[in-house]
Amino acid sequence: EPFMRLIEKYPDSARIQNYLGRCLFKAGSTDEAKARFEQALVLMPAFAEAQGNLAVLLWEQGRLDEAVEHMSAAAELAPNDPDTLFNIGMIYAQLGQGLEAIDALSGYVSLSPEDNDTRVHLAALLIDNGRESDGLAELEHVLAEVPDHENATRVLRQLETLVAANEGPQGV
């Protein structure tokens, strides 16, 4: 409601269009939200937050290729924004683009080192992409801070199962 009055007063404000889009998105009006994010980008093409908001909306709709395009644009505009790095990393992971996901989540972890859940995601990606020692280092970091971290111990058990299956019992 308050944003509708502001839109009437400032129809050419990209920020108000973006904030109204966020409200509409949270209220479940995704088509209207998408239109507001797109309008914000027409008014201000270099608006990283609107690019990111549109990307998240598309991501939630399962439109991953479009989502990564907009999130990449947001990352170019705001290369050190932790939310953008996290989101693009998770989208890349869903797309099966492990190396790109690793790069983005590594950037995120360098800006938000206290986020152990993301460190576990990064560890799993590193392990899955042949960088087991780097993945183990991330898991060790998490487990040193939170010894009973559920996801970290789960990933460690999965790695142990994988190693046991590939190497088999050690013979005499």
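Met 71 touches Gly 52, Ala 55, Val 56, Thr 84, Asn 87, Ile 88 and Ile 91, leaving aside residues up to four places away in sequence. Contact here means heavy atoms within 4.5 Å. The model is predicted: local features need pLDDT of at least 70, side-chain atom pairs count only at pLDDT 80 or more, and totals for chains, interfaces and linings use all residues. Numbering starts from 1 along each chain as its sequence is written, and side-chain values use heavy atoms, without hydrogens and water.

Met 71 and Trp 59 have the most contacts inside the largest nonpolar core, which has 37 residues. Such a core is a set of buried Ala, Val, Leu, Ile, Met, Phe, Trp, Tyr and Cys residues joined through side-chain atoms within 4.5 Å; buried means under 20% relative accessible area (1.4 Å probe, protein chains only). The elements giving two or more residues to this core are H2 (14-26), H3 (30-43), H4 (48-60), H5 (64-77), H6 (82-95), H7 (98-111) and H8 (116-128). Helices are DSSP runs (H or I, at least four residues), numbered from the N terminus. H4 gives the most, with 7 residues. Another core, of 9 residues, lies apart; Val 120, Ala 123, Val 155 and Leu 159 are among them.

The axes of H6 and H7 come within 8 Å and cross at roughly 155°. Axes are lines fitted to C-alpha atoms over the stretch in contact, with angles from 0 to 180 degrees between N-to-C directions. H6 and H7 are therefore roughly antiparallel (over 145 degrees). Their contact has 12 nonpolar, 2 polar and 1 charged residues. Among them are Phe 86 and Ile 88 of H6 and Leu 105 and Tyr 108 of H7.

How values were computed: Buried < 20%, exposed > 50% of the residue type's maximum accessible area, 1.4 Å probe, protein only. Parallel < 35°, antiparallel > 145°, perpendicular 65-115°, else oblique. Nonpolar A, V, L, I, M, F, W, Y, C, P; charged D, E, K, R; others polar.
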